[in-house]
Amino acid sequence: MSEDRTQVVSDYVESVFRRGREPMEPVGFSPDWADQPSRHKTYLGVRRFPLPPGTGQPLAGAADVLFGEPRADQGPLWTTDSLAALLRLSYGVLDRRLRVSWNQDSHVRVLYPEALWGRGTASGGGMYPLEIYWVAGRGGPLTPGVYHYSTAHHGLERLLAGDLTDEVRAACGSATGSGTADGFLVVTVRFWKNSFKYNSFCYHVVTQDVGALLGNWELIARGTGRRLTRVLWFDDERLNRLLGLPSDEESALAVVPLSFGPPAGRASSSVHRGALIDRPSFERSARTRTFDQVAQVHQAVLADRRERPAPAMARRLVPLPRDEGEEVALPGPLTDRLGRDIGETLRLRRTSFGSFTRSRPLHLDELATVLAGTVSGQRYASDVVPDDVGLTGLYLLANRVTGLPSGTYRYDAHEHRLRAVRRTSLAEKLQRAYYLSNYNLEQVGAVLAISGRWRSTLEAYGSRGYRVLNSEVGALAQTACTAAAALGIGCGAVLGFDNLAVDEAVGLDDGDERTFLYVLLGHERADSADFDYRLV
């Protein structure tokens, strides 16, 4: 049976990779933008507790966060202020974005109901389908209970009073960090908030969205002098019951333990198997629907109940190094140009829709800085992946980089160097391989392609391996965008490439390593029209 579930996931991933040539079902689907869901989930009839602003917390500089060594321990206990910074700078509203760009929806953003509110974490299509719940124990600043983070209000909505942290511990089993924590952040995905636009492609996008959020949390935590542990292997249905979530509509994808107070005796709590939370949430859409491929792959993952794999297994899944090809030495990171703290850097992060220009080529030292900063997303503490192991690889498609011939390269993070795959002009090939109209790829300096050994990961981890690998892919995209923002160059994470064409260009058309997600880099036009929300 486990082989059947893995095959369902394998078939789905293959359809994702081939969608540029063979559209996924339902073919011809068009989003109903007039009936789209709200960008902010809000519960009705609950008490809401405002959080501190979260933007005034002193944080470390971007250079220290991206290039410094992470702490070996968890660091200081969490406080209300540090929790507020973690939530606000990652998924809370930071500003209104009204730049005139090539993105297809720019013309409606001038209307307030269609306003685009910027956040610190990148999200596929700007959909922000994730929800954040806090299961608070006795050591936290609020009454023990279950809370929902309201992104629209930057506050916590109390859904239930009572210490239910033991239930989360039971769902997480022997996961690192869960035994001593007195609170848990639970990240869920509400599928409709993404699938209304991306239909069957949804599951691929949202599992990378989770990784981007977790990667951003790690950056913010480092900025506060702390480290986080992410739990990716748990009893999904148990957590969904605790949160009152129908698993086919919204489901847990990650758990992050937090400690607010010194270890203390916990009040005994009985194990609850029934739903405890029945608070309704606001639904803007008059009609919601599900998509067969999303439901099938999600159910295949939920039904795969194998035991948590030993972290050492991840060492067998590291992308294999390349021994052939000319080596290209890279300059060291431009840490002296990363003067902003990590909070200000995240507030400046934005997508460069159509703003790249070839008149200001990307310099090799700028590219080297982003590459070195990107792989910091591989240094995280997880219940299934050691913090010195990366499940992802990084390829470079150099288009217009001063000091680097056009072509494709593999990045060696350990030696901080490139290894050439093939030297060739890429401008025309990149544009043909990109099937959207919101970028002119001829103007882009370089494209980073994040890869992973997906078949080996599925064989080792089963169906859940897809989520584990995609979470690291999303985290690397987030650190790439953060490094670019710190350096002051343009960036855009995209999924609209023909995966097969990119795999062929970087030499991955044979074997189980494939490219998953792409990050565009380059300098932007200086004459872009923008809106400064601070003036109103």
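The model is predicted. The protein chain contains 14 helices and 19 strands. For 536 residues, a compact globule would have a radius of gyration near 24 Å, and the value for the protein chain is 22 Å, which agrees. The C-alpha trace spans about 65 × 60 × 50 Å along its principal axes. Of the 536 residues, 59% are buried. Contacts were also sorted by sequence separation. Among those with a separation of 6 or more, 82% link residues 24 or more positions apart.

Strands of a sheet pair through backbone hydrogen bonds, in either a parallel or an antiparallel sense.

Strand E7 covers residues 183–190. Seven bridges link E7 to E4 in the antiparallel sense. Eight bridges join E7 to E9, a strand of residues 250–258, and this pair also runs antiparallel. Individual partners can be named on both sides. Gly183 of E7 is the bridge partner of Ala136. Gly183 also has Leu258 in E9 as a bridge partner. Phe184 in E7 stands opposite Val135.

E7 is mostly covered, with eight of its eight residues buried. In a regular strand, side chains alternate between the two faces of the sheet. Both faces of E7 are covered. Gly183, Leu185, Val187 and Val189 lie buried on one side. Phe184, Val186, Thr188 and Arg190 lie buried on the other.

H3 spans residues 80–91, twelve in number. From its first C-alpha to its last, H3 reaches 16 Å, close to the 16 Å expected at 1.5 Å a residue. Ten of the twelve residues of H3 are buried, so the helix is largely enclosed by the rest of the structure. The buried set runs through Ser82, Leu83, Ala84, Ala85, Leu86, Leu87, Arg88, Leu89, Ser90 and Tyr91.

Most residues other than glycine have a negative phi, and most peptide bonds are trans. A cis peptide bond joins Glu25 and Pro26, with omega about -5°. Pro26 is placed in the loop between helix H1 (2–17) and strand E1 (47–50). Tyr128 is not a glycine, yet its phi is positive, at about 50°. Tyr128 belongs to the loop between strand E3 (116–118) and strand E4 (130–136). Its relative accessible area is 7%, so Tyr128 falls under the 20% limit and is buried. His154 likewise has a positive phi, near 45°. His154 is in the loop between strand E5 (145–150) and strand E6 (155–161). With a relative accessible area of 9%, His154 is buried.

A further loop residue, Glu442, was examined for its side-chain contacts. Glu442 lies between helix H11 (427–433) and strand E17 (446–453). Its side chain makes a polar contact of 2.8 Å with the side chain of Arg358. A polar contact of 3.2 Å joins the side chains of Glu442 and Gln443. Leaving aside residues up to four places away in sequence, Glu442 touches Arg358, Asn399, Arg400, Ala427 and Gln431.

Terms used. Residues numbered from 1 in each chain as written. Predicted model: local features only at pLDDT ≥ 70, side-chain atom pairs only at ≥ 80, totals over all residues. Heavy atoms only, no water. Helix = DSSP H or I, 4+ residues; strand = E, 2+ residues; numbered from the N terminus. Buried < 20%, exposed > 50% of the residue type's maximum accessible area, 1.4 Å probe, protein only. Pairing = 2+ DSSP bridges. Expected span 1.5 Å × (residues − 1). Polar contact = N/O pair within 3.5 Å; in protein donor to acceptor, adjacent residues only side chain to side chain. Contact = heavy atoms within 4.5 Å. Rg over C-alpha atoms; globule rule 2.2 N^0.38 Å.
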